Amino acid sequence: MSLLEAIALLGAACAAGMINAVAGGGTLVTFPVLILFGVPPVIANATSTLSLVVGTAGSLYGFRANIADVRPWFATFIPVSLAGGWLGSFLLTHGRESTFSHLVPYLILFATLLFMVQGIVRRRVAHQVLVGTPHTAARSHVVIAMIFQFFVSVYGGYFGAGIGILMLASLGFLGFTDIHRMNTLKNVIGSLINVVAALWFTASGLINWPIMGVMTVGAVAGYYLGATYSQRLSQQKVRYLITAIGLIITIVMFWKLH
């Protein structure tokens with residue numbers, strides 16, 4: 001690995017960590033850079049996943065003040081996320097990538113549009129789920145969100161770019177209104193999905209360890225910076241930023257696939 005490659009990978013991982021801390025989609029920064037340096041696609045995906053999941057520690061530390069507020073939701077989302085994350089990583093190593101990957105830009109675009117209009121829809125929902133207080137009257141909404149989260153987790157284990165947008169959209173329609181709490185829960189769940197995938201990829205021998213080491217350093221810094229400084233912005237500005245990231249990811253994915 002040359003010095004130029006190391007600097008480029010460090011910068012890409014830092015940028016990816018910042019993006020993931022706010023909305024998700026950092027893989028679309030690290031993955032193309034790894035491909036550019038000649039890393040095979042599956043190994044690039046696996047190495048990127050492991051480096052970013054280690055870097056998640058910086059994000060969770062940055063959002064530590066909100067952990068207690070979202071902890072009651074762990075039992076709802078963690079089991080389905082772990083199951084989906086394993087299934088997605090299994091499909092990557094044993095299945096064909098082309099069919100599923102062609103659905104990705106449409107999923108991200110749909111989730112971004114949901115996120116943009118969720119405020120209007122939420123005001124028309126009679127029963128909302130309050131943060132940290134699962135409401136029995138909205139149990140059907142929670143079940144739907146769990147099913148949706150399972151499929152998001154499958155995609156997360158498979159490739160993962162944009163799962164933050166999908167999870168934020170789902171949490172918004174559940175009744176969450178504090179964007180920073182939403183980001184905290186999203187990062188906890190997303191990190192667990194990536195942990196499962198990373199463990200599977202490691203066991204399958206798909207990790208380029210020197211590259212992973214360099215990228216982990218950048219990812220830790222990026223996650224921490226993104227988590228810390230995003231909370232200094234108003235919630236409206238963070239929502240604008242998340243919407244912009246979602247649209248950019250959608251454009252990039254359509255361009256990559258067409």
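A: Val214 counts as partly exposed, because its relative accessibility is 21% (buried is under 20% relative accessible area, exposed over 50%, and partly exposed in between, with a 1.4 Å probe and protein chains only). The model is predicted, so local features need pLDDT of at least 70 and side-chain atom pairs count only at pLDDT 80 or more, while totals for chains, interfaces and linings use all residues. Residues are numbered from 1 along each chain as its sequence is written, and side-chain values use heavy atoms, with hydrogens and water left out.

Val214 belongs to helix 11 (helices are DSSP runs of H or I with at least four residues, strands runs of E with at least two, numbered from the N terminus). Not counting residues up to four places away in sequence, Val214 touches Met1, Ala6, Leu9 and Leu10 (contact means heavy atoms within 4.5 Å). Ala8 lies 206 residues from Val214 along the chain, and their C-alpha atoms are separated by 9.9 Å.

Helix 11 covers residues 209-230 and supplies three residues, the largest share, to a nonpolar patch. That surface patch consists of Met18, Tyr61, Tyr224, Leu225 and Tyr229, which together have about 470 Å² of accessible area. Patches are made of residues with over 30% relative accessible area and no salt bridge; like charges are joined within 9 Å, and nonpolar side chains (Val, Leu, Ile, Met, Phe, Trp, Tyr) within 5 Å. Areas come from the Shrake-Rupley method with a 1.4 Å probe, and for residues only the protein chains shown count as cover. Tyr224 sits in helix 11 and is classed as partly exposed because its relative accessibility is 35%.

Of its 258 residues, 51% count as buried. Among contacts between residues at least 6 apart in sequence, 85% join residues at least 24 apart. The accessible surface of the chain is about 11,500 Å², and 71% of this belongs to carbon and sulfur atoms.

Helix 5 gives an example of burial. Its buried residues are Phe74, Thr76, Phe77, Val80, Ser81, Gly84, Gly85, Gly88, Ser89 and Leu92. They lie on the same side of helix 5, because they cover an arc of only 165 degrees around the axis (the arc is that of the directions from the helix axis to the C-beta atoms). On the other side of helix 5, Ala75 and His94 are exposed. Gly85 counts as buried because its relative accessibility is 0%. Leaving aside neighbours within four places in sequence, Gly85 is in contact with Ser153, Val154, Gly157, Ile193 and Val196. Gly85 and Gly190 are 105 residues apart in sequence, and 9.2 Å apart from C-alpha to C-alpha.

In it, the side chains of Arg181 and Asp69 meet at 3.2 Å, N to O. The pair links distant parts of the chain, with Arg181 in helix 10 (residues 179-203) and Asp69 in helix 4 (residues 67-70), 112 residues apart. Arg181 is partly exposed, with a relative accessible area of 26%, and Asp69 is partly exposed, with 28%.

Technical notes:
A salt bridge is a side-chain nitrogen of Lys or Arg within 4 Å of a carboxyl oxygen of Asp or Glu.
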